[in-house]
Amino acid sequence: MTGWQMLFYKEVLRFWKVSFQTVAAPVLTAVLYLLIFGHVLEDHVKVYDSISYTAFLVPGLVMMSVLQNAFANSSSSLIQSKIMGSLVFQLLTPLSHWAWFLAYVGSSTVRGLVVGLGVFVVTLAFAVPQFAAPLWIFVFALLGAALLATLGVIAGLWADKFDQLAAFQNFIIVPMTFLSGVFYSIASLPPFWQAVSHLNPFFYMIDGFRYGFFGQSDASPWLSLGIVGTAWLVVSLLAVHLLRTGYKIRS
Amino acid sequence: MHGFMPAVSFQSVSKTYSTPKGPFHALSGVSLDIEEGEFFGLLGPNGAGKTTLISILAGLARATQGRVLVQGCDVHADYANARRKLGVVPQELVFDPFFNVREALRFQSGYFGVRHNDDWIDELLSSLGLADKANANMRQLSGGMKRRVLVAQALVHKPPIIVLDEPTAGVDVELRQTLWHFIARLNKEGHTVLLTTHYLEEAEALCGRIAMLKNGRVVALDRTSELLKAASGNVLVFKTDSTLPPALAAQARVTGRVVQLAAHDAQDIEHHLAALREAGVDVQDVEIRRADLEDVFLSVMASATGGQTA
């Protein structure tokens with residue numbers, strides 16, 4: 001096992017050892033959303049013809065869980081070991097900034113995908129899934145998880161205290177996910193809010209992911225892929241730069 | 001004296017932190033070489049820059065000026081090779097609460113690219129008296145046990161150079177004995193050891209050579225035996241409840257009832273006792289002892305001009 005693989009393994013084991021809290025809890029949260037919104041809105045909202053609201057909701061909830069958990073994993077792991085001081089064990093090693101990047105982004109992507117898969121499996125009890133273009137499902141899940149995992153690395157390095165990280169999560173990550181079309185189609189919004197939504201990169205992740213299930217979407221999946229892919233590249237460049245210069249972890 | 005590359009070479013190392021009150025010079029032009037196989041002590045009062053110097057060596061901080069080489073590898077430009085040669089025991093008692101002792105040691109091996117390390121891990125565990133704690137979670141260990149794990153973590157990759165930053169701070173006598181026995185053995189086997197400590201009797205007993213830091217500068221650097229030789233030969237020690245005459249009070253080291261006065265020779269001692277008698281000071285438990293490293297340390301710190309230059 002090379003250095004980055006060991007760090008990746010350690011990070012996966014870290015969340016897996018407390019999987020009740022890191023996997024089971026977010027699955028339960030997503031299922032509660034499905035039960036409540038599905039029950040209330042099933043007969044009132046029609047997004048795509050021939051697709052029930054509950055069926056429409058499933059991919060959005062799965063993606064939301066993937067994104068939030070990928071972010072939570074890298075950011076909380078980094079800030080915990082910064083505050084506990086145990087980050088020093090990694091800082092003393094020959095691990096390169098690329099090794100750190102691969103391990104944190106990789107392990108957090110795994111956590112996002114595991115939670116997303118868990119949510120999806122449970123929702124099978126409520127709606128029969130379609131798989132119009134499975135490759136798109138996989139591509140957007142992977143890319144979305146990696147993007148949020150990378151954002152988590154940046155937030156985890158930047159934050160000095162837990163409440164700063166919570167603010168980042170509550171005021172940036174959660175609103176951007178909720179306003180990205182998890183619970184509705186952007187097409188149902190007034191033109192102004194449609195335009196605003198098109199500026200939110202989270203919209204393209206969820207829209208592209210949903211395309212994989214239904215073969216229908218608000219934007220072209222290729223456009224979504226371009227935007228999400230570019231966003232990930234930009235965020236990755238920043239994260240690698242911060243790791244290389246030891247931002248807030250080496251004085 | 002030697003024709004080989006030093007184990008560690010600090011070359012004009014300076015470190016300046018910017019603070020709200022202006023720049024703070026933690027280190028100002030520190031230069032010193034530690035030779036292969038040495039047991040080297042780095043002493044100084046709190047805030048002298050010992051931990052900053054070690055942090056720069058370990059890659060936890062970056063020098064503002066100057067450079068540090070570990071067996072010829074620059075700690076910044078060639079950090080991966082430099083860090084492979086170092087085993088650093090951090091000062092803070094830190095641990096990862098998610099894992100047990102063996103897991104922590106396996107991870108640490110893996111970060112250094114060492115595979116299948118269980119034989120060496122088992123040897124470390126038994127040498128440090130941790131064999132029965134291998135599967136205990138880090139949270140369940142006492143402070144002393146956590147300290148031993150820190151030492152084991154620093155040694156998983158068999159580094160030629162061992163750096164210990166105040167390893168015995170707040171540690172009980174038994175662990176100190178175990179630890180020094182083990183570190184002395186590693187030194188005998190050829191490992192270079194760099195130690196910072198507040199316990200001067202430990203430094204005197206273990207270190208062949210010593211550097212003293214004050215306000216970020218080296219104020220003394222010599223073989224321990226030479227430093228001891230340079231000090232006043234003897235110390236007059238006694239106990240008293242009375243006030244000392246001003247002339248003696250100025251040069252005395254007073255700890256509660258215990259008074260210590262430096263004395264070069266018998267005449268000095270005679271002189272001190274006469275002054276005490278004259279002042280009517282009632283003294284008990286009078287003894288004369290050889291000057292030790294603490295006396296050297298205090299006289300170096302008192303006379304050194306390593307003042308803060310802002």
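How many residues of chain B are in contact with chain A? In this predicted model, 24 residues of chain B touch 23 residues of chain A. On the chain B side, the elements that supply two or more residues are helix H2 (79-84) and helix H3 (101-111). The residues on this side of chain B comprise 13 nonpolar, five polar and six charged.

Chain B also contains an open sheet of four strands, arranged in the order E2-E1-E4-E5 with antiparallel pairing. Strand E2 (22-34) and strand E5 (73-74) of chain B form the edges, each pairing on one side only. In general, the strands of a sheet pair through backbone hydrogen bonds, in either a parallel or an antiparallel manner. Nine bridges join strand E1 (residues 8-19) of chain B to E2(B) in the antiparallel sense. Thr16(B), for instance, has His25(B) of E2(B) as its bridge partner. Helix H1 (residues 50-58) of chain B lies across E1, E2 and strand E4 (65-70) of that chain, and runs at about 115° to E1(B).

In chain A, helix H5 (residues 97-123) packs against helix H6 (residues 134-158) at an angle of about 130°, and the two axes are 8 Å apart. H5(A) and H6(A) are therefore oblique to each other, and their crossing is right-handed. Residues of H5(A) that make the contact include Tyr104(A), Ser108(A), Gly112(A) and Gly116(A); among those contributed by H6(A) are Ala141(A), Ala145(A), Leu148(A) and Gly152(A). By class, the contact of H5(A) with H6(A) consists of 10 nonpolar and six polar residues, with no charged residues.

Definitions and conventions
Residues are numbered from 1 along each chain as its sequence is written. Chains are lettered from A and ligands numbered from 1 in the order in which they are written. This is a predicted model: local features need pLDDT of at least 70, side-chain atom pairs count only at pLDDT 80 or more; totals for chains, interfaces and linings use all residues. Two residues are in contact if their C-beta atoms, placed from the backbone, lie within 7 Å. Ala, Val, Leu, Ile, Met, Phe, Trp, Tyr, Cys and Pro count as nonpolar, Asp, Glu, Lys and Arg as charged, and the others, Gly among them, as polar. Two strands pair if DSSP finds at least two bridges between them. Axes are lines fitted to C-alpha atoms, for helices over the stretch in contact, and angles run from 0 to 180 degrees between N-to-C directions. Angles under 35 degrees count as roughly parallel, over 145 as roughly antiparallel, 65 to 115 as roughly perpendicular and the rest as oblique. A crossing is left-handed if the near helix is turned anticlockwise from the far one by less than a right angle, and right-handed if clockwise.
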